[in-house]
Amino acid sequence: MKTGYLYITIAVVMFSSFEVVLKFIAGELNSVQLTFARFVIGFLFLLPLALHTLRKRKKRLDTKTLAYFALLGFTGISLSMTILHLAVEYTSSSVTAVLFSCNPVFVTFLAFFLLHEPIRKRHVAALIFEIIGTLAIINPFHSNLNMLGVSLALLSTLLFSLYGVMGKRKCAEYGGVVVTCFSFLFGSLIVLLFIVLSHIPVVAANIPILAGYTMENLPYVLYVSAGVAGIGFCSYFLAMEYQPASVVSLVYFFKPALSPILAWWLHREDIPGNMLLGILLIVVGSLCSIIPGILEAKRPTVSH
């Protein structure tokens, strides 16, 4: 129990700072190019630990498992993360971070249908607060937000939720590090394929691989790669070895409280009243879900 929450805490810190750090280099690097760099570096960072885990568990990766990891990489890396990078370019980092925090809404229902995890009353209460909080932030009747950026952030969230739920299926067998590492590998290869195809005259998008990197933006690239992608994603899947997917996804309930504060501190982004209200509602939702779970875990088991 404690180990699971430790991994969740690490993931919270890494994920909450992602969009805020990404904003420092928004527009300097192509979103597809940055996705490739992040997850190649993340893969290399995790590979030694993943190989050690495979040896320790005496497991081998067969063709079927590798194909499953490729599907994970396509869903959660190639699509979700590329779309998220685009979202940051169209709207503020704090709004993107908060909207990405809708993750538990999708995860709870996906986990119910795909993993047969139960939906408890506290989960429903948390989701209601989450949805109302998100609507408060978007403020659809008086919104000055870029709706393309909002739509991209929500689409990225749905895809990442699917990635997390699908990844949990293999965590118990191979371990969170292995699932993370090899989904990064295949996700990076698929993104590289996108880049190569972009140089075909018919496509003519010409996405670069190395152009645009400088000594000034390299520290930020390394942070979102080895830090957020490597340590953050690894902690996310390691937590799934100890907690249900619906509980681990609560990482994203804490992002709305921390990300706007970081965005205000580092970028001087405003935190309007509707966003403060949304953050409060989302945090209340997290408490509705987490506190009862902790209390249940502490109750002594009655033997008959």
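In which helix is the place of Pro256?

**View 1. Pro256 in helix α11 of the predicted model.** The place of Pro256 is in helix α11, which covers residues 251-267. With a relative accessibility of 0%, Pro256 counts as buried, because buried means under 20% relative accessible area. When neighbours within four places in sequence are left aside, the contacts of Pro256 are Val98, Ser101, Ile279 and Ile282. Of these contacts, Ser101 is 155 residues away from Pro256 along the chain, and yet the C-alpha atoms of the two residues are separated by 6.7 Å.

**View 2. The packing of helix α2 against helix α8.** Two packed helices are described by the angle between their axes and the distance between the axes. Helix α2 (residues 31-57) and helix α8 (residues 176-197) pack at an angle of about 150°, and their axes are 7 Å apart. Because angles over 145 degrees count as roughly antiparallel, α2 is roughly antiparallel to α8. The crossing of α2 and α8 is left-handed, and the contact between them, sorted by class, has 20 nonpolar and 6 polar residues but no charged ones.

**View 3. Helix α6 and the residue just after it.** Helix α6 is made up of 18 residues (121-138), which at 1.5 Å a residue should span 26 Å, and the distance of 26 Å between its end C-alpha atoms agrees with that expectation. The buried residues of α6 are Arg122, His123, Ala126, Leu127, Glu130, Gly133, Thr134, Ala136, Ile137 and Ile138. Just after α6, Asn139 takes a positive phi of about 50°.

**View 4. Lys58 and His116, two loop residues with positive phi.** Lys58 has its place in the loop between α2 and α3, and its phi is near 55°, a positive value in a residue other than glycine. At 77% relative accessibility, Lys58 counts as exposed, because exposed means over 50%. His116 lies in the loop between α5 (103-114) and α6, and its phi, likewise positive in a residue other than glycine, is near 60°. His116 is exposed, with a relative accessible area of 67%.

Terms used:
Residues are numbered from 1 along each chain as its sequence is written. This is a predicted model: local features need pLDDT of at least 70, side-chain atom pairs count only at pLDDT 80 or more; totals for chains, interfaces and linings use all residues. Side-chain values use heavy atoms; hydrogens and water are left out. Helices (H or I, at least four residues) and strands (E, at least two) are DSSP runs, numbered from the N terminus. Buried means under 20% relative accessible area, exposed over 50%, partly exposed in between (1.4 Å probe, protein chains only). Contact means heavy atoms within 4.5 Å. Axes are lines fitted to C-alpha atoms, for helices over the stretch in contact, and angles run from 0 to 180 degrees between N-to-C directions. Angles under 35 degrees count as roughly parallel, over 145 as roughly antiparallel, 65 to 115 as roughly perpendicular and the rest as oblique. A crossing is left-handed if the near helix is turned anticlockwise from the far one by less than a right angle, and right-handed if clockwise. Ala, Val, Leu, Ile, Met, Phe, Trp, Tyr, Cys and Pro count as nonpolar, Asp, Glu, Lys and Arg as charged, and the others, Gly among them, as polar. The expected span of a helix is 1.5 Å times one less than its number of residues.
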